[in-house]
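Reader: Could you pick one part of this model and walk me through it closely? I'd like to know what sits where.

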Amino acid sequence: STNQAIGELALPSSPIPGIIGVPGGIIIKTETNELLGALGVSGASSGLQDEKCVYAGLDAIKETLGKD
């Protein structure tokens, strides 16, 4: 996944100083690329399970996003 690839780039051996990336967080944007916010999950037995949970959470709320 994209999150996993970013996380691998941010490992301690990464060329990005001061950045530690792990799966389980996503940025939420509209179809027109407007930033709505972010969603993060932590606590499962692995980062990949956190990532599955965060996308399940997004699926659960996506119909209400952007509505007043």
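**A helix and its salt bridge**

Author: Lys 62 is partly exposed, with a relative accessible area of 49% (buried means under 20%, exposed over 50%, partly exposed in between, using a 1.4 Å probe and protein chains only). Before going on: this is a predicted model, where local features need pLDDT of at least 70 and side-chain atom pairs count only at pLDDT 80 or more, while totals for chains, interfaces and linings use all residues. Residues are numbered from 1 along each chain as its sequence is written, and side-chain values use heavy atoms, leaving out hydrogens and water.

Back to Lys 62: it forms a salt bridge with Asp 59, the closest N and O atoms being 3.6 Å apart. The term asks for a side-chain nitrogen of Lys or Arg within 4 Å of a carboxyl oxygen of Asp or Glu, and by that rule the count comes to one. Side chains of opposite charge can pair when their charged atoms come close. Asp 59 is partly exposed too, at 48% relative accessible area.

Now for helix 2, residues 47–61 (helices are DSSP runs of H or I, at least four residues, numbered from the N terminus). Its 15 residues should span 21 Å, and the end C-alpha atoms are 21 Å apart, so the two agree; the expected span is 1.5 Å times one less than the number of residues. Buried in helix 2 are Asp 50, Glu 51, Val 54 and Leu 58. They cover an arc of only 100° around the axis, so they lie on the same side of helix 2 (the arc is taken from the directions from the helix axis to the C-beta atoms). On the other side of helix 2, Lys 52 and Ala 60 are exposed.

How values were computed
Helix = DSSP H or I, 4+ residues; strand = E, 2+ residues; numbered from the N terminus.
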